[in-house]
Amino acid sequence: MVEWTGRFAYKQVADDLRRRIAADEFAETGRLPSLAQLQEGYDVTVTVARAAINQLKADGLAVSHQGKGAFLTPNAGRAAQLADPAATVTELREEVEKLRSEVGDLRQRVAALEGN
């Protein structure tokens, strides 16, 4: 899964996990894949898998408990969505369209009031 893009492998894994968190893939259990599952799923070393989890922890999206695994923090899904630039841009575009519509409605109302 990790590609030779020039970006660190752990960052690629962390970015994909962040995308999956934003999509609520882990919301039901709140548990992230184990290091072994990450190794197998992304075809990376345990060092890369551990660094990816540590990146999520540094970003405030996950906490880990020795012997139990890594778990999402409260509101991790929302925080991950905000960390995803594509999702943020889409959200902003939708908000701008909504505001344009509301401003257009207000202009019509003001024009109607001024015409009286």
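Contact is taken here as heavy atoms within 4.5 Å. The structure is a predicted model, in which local features need pLDDT of at least 70 and side-chain atom pairs count only at pLDDT 80 or more, while totals for chains, interfaces and linings use all residues. Residues are numbered from 1 along each chain as its sequence is written, and side-chain values use heavy atoms, with hydrogens and water left out.

Beyond its neighbours within four places in sequence, Leu 17 is in contact with Phe 26, Pro 33, Leu 38, Tyr 42, Ile 53 and Leu 56. Leu 17 is also among the residues with the most contacts inside the largest nonpolar core, together with Val 13, Ile 21, Leu 32 and Leu 56. This core has 20 residues; a nonpolar core is a set of buried Ala, Val, Leu, Ile, Met, Phe, Trp, Tyr and Cys residues joined through side-chain atoms within 4.5 Å. Two or more core residues each come from α1 (9-22), α2 (35-42), α3 (46-58) and α4 (76-83), helices being DSSP runs (H or I, at least four residues) numbered from the N terminus.

Helix α1 also contains Asp 16. Asp 16 is buried because its relative accessible area is 13%, the cut-off being under 20% (1.4 Å probe, protein chains only). The side chain of Asp 16 makes a polar contact with the side chain of Arg 19 at 2.9 Å; such a contact is a pair of N or O atoms within 3.5 Å, where, within protein, one must be able to donate a hydrogen and the other to accept it, and residues adjacent in sequence count only if both atoms are side-chain atoms.

Technical notes. Buried < 20%, exposed > 50% of the residue type's maximum accessible area, 1.4 Å probe, protein only.
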